[in-house]
Amino acid sequence: MTNVPKLTDALLTMENRVATLTLNRHDLRNALTGSHLIDDIVTTAEWVNQCDDVSVLVITGAGSAFSAGGNIRDMANRSGDFAGDVAECADRYRKGIQRIPLALQNVEVPIIAAVNGPAIGAGFDLANMADIRIASESAKFGETFLNLGIIPGDGGAWFMQRLIGYQRAFELTLTGRVIDAAEAKDLGIVLEVVPADELMNAANAIASRMASQPPKATRLTKRLMKMAPRMELKDFLDVCANFQGMCHNEPEHLEAVNKMLEAMSKK
């Protein structure tokens with residue numbers, strides 16, 4: 001049985017190659033600051049990359065919210081992650097919430113965000129760091145930093161425009177308006193919207209399908225998907241050739257091919 005790391009403010013479970021991380025500070029609406037959730041997310045990301053038994057990571061929230069982002073009370077009090085002068089505050093961001101995008105960007109397996117409720121500010125950005133988002137009908141999304149007189153300090157402006165394009169990301173970020181799950185789907189932020197009681201089943205259905213694929217080839221494919229936007233085609237094809245050579249020499253390739261041939265012979 002795979003040993004999962006012990007977390008402080010989140011729950012981590014593992015079943016059939018799918019790891020599920022549940023943000024578990026519903027008393028704070030799963031705020032990422034003013035809790036241990038930053039450490040828990042980073043620890044999980046690092047563990048996933050070291051654990052060959054994991055093929056998919058699902059992230060969701062306990063309670064009514066996915067994540068409220070930053071702790072507004074700490075902002076008002078200039079305390080916690082928001083304390084200090086310019087240099088001190090910047091250092092807190094680098095050593096604090098900015099560890100999340102760096103860690104999740106390096107996760108080698110597919111990440112699915114099962115957005116159970118409001119994903120606001122950094123909580124919205126956390127969802128956008130996933131590869132796929134499935135939303136409950138009660139989910140809401142808001143890039144609300146400017147409403148508080150701050151900027152998306154966790155890299156939200158980087159992630160959202162890559163997801164839905166510059167113009168739409170600009171409008172959401174500069175107006176700070178909150179959108180419902182239906183509009184989020186129309187904009188291409190979420191893949192699917194489902195009733196609240198069907199959210200985890202919907203997320204797990206996709207996760208299970210991905211987890212059934214050959215695990216080493218799955219990790220290589222995600223690496224290619226991440227690399228493609230920043231590479232020239234010829235360089236990218238060279239990497240593809242090398243990765244394909246690796247795949248053709250893996251036992252899982254022959255197992256998959258033989259399974260396919262067996263299925264074809266029964267038709």
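## Pockets and the domain boundary

Helix H12 (251-265) gives the most to the lining of the second largest pocket, with six residues, where helices (H or I, at least four residues) and strands (E, at least two) are DSSP runs numbered from the N terminus. The model is a predicted one, in which local features need pLDDT of at least 70 and side-chain atom pairs count only at pLDDT 80 or more, while totals for chains, interfaces and linings use all residues. Residues are numbered from 1 along each chain as its sequence is written, and side-chain values use heavy atoms, with hydrogens and water left out.

A pocket is an open set of points on a 1 Å grid over the protein atoms alone, where a 1.4 Å probe fits, with protein on both sides within 12 Å along at least five of seven lines, and its lining residues have an atom within 4 Å of a point. A volume is the space filled by probe spheres set on the points, which are joined across faces, edges and corners.

| Pocket | Volume |
|---|---|
| Largest pocket | about 850 Å³ |
| Second largest pocket | about 520 Å³ |

Of the 17 residues that line the second largest pocket, Ser-212, Gln-213, Pro-214, Glu-252 and Ala-256 are the closest to its centre. Besides H12, helix H11 (233-248) and H10 each supply at least two residues of this lining.

For the largest pocket, 25 residues form the lining, and those closest to its centre are Gln-105, Asp-131, Lys-222, Met-225 and Lys-226. Two or more lining residues come from each of strand S6 (132-136), helix H6 (156-164) and helix H10 (215-227), and H10 gives the most, with seven. The largest pocket lies between domain 1 (10-212) and domain 2 (215-266), because both give residues to its lining; these domain bounds come from an automatic or database domain assignment.

The C-alpha centres of domain 1 and domain 2 lie 29 Å apart, and 15 residues of domain 1 are in contact (heavy atoms within 4.5 Å) with five residues of domain 2. Between them the domains bury about 790 Å², 41% of it on carbon and sulfur atoms, buried area being the accessible area (1.4 Å probe) that two parts lose on being put together, summed over both. On the domain 1 side, Gln-105, Glu-108 and Asp-131 lose the most area to domain 2, together 47% of what that side buries.

Three salt bridges are counted between domain 1 and domain 2, each a side-chain nitrogen of Lys or Arg within 4 Å of a carboxyl oxygen of Asp or Glu. Asp-131 forms a salt bridge with Lys-226, with the closest N and O atoms 3.9 Å apart.
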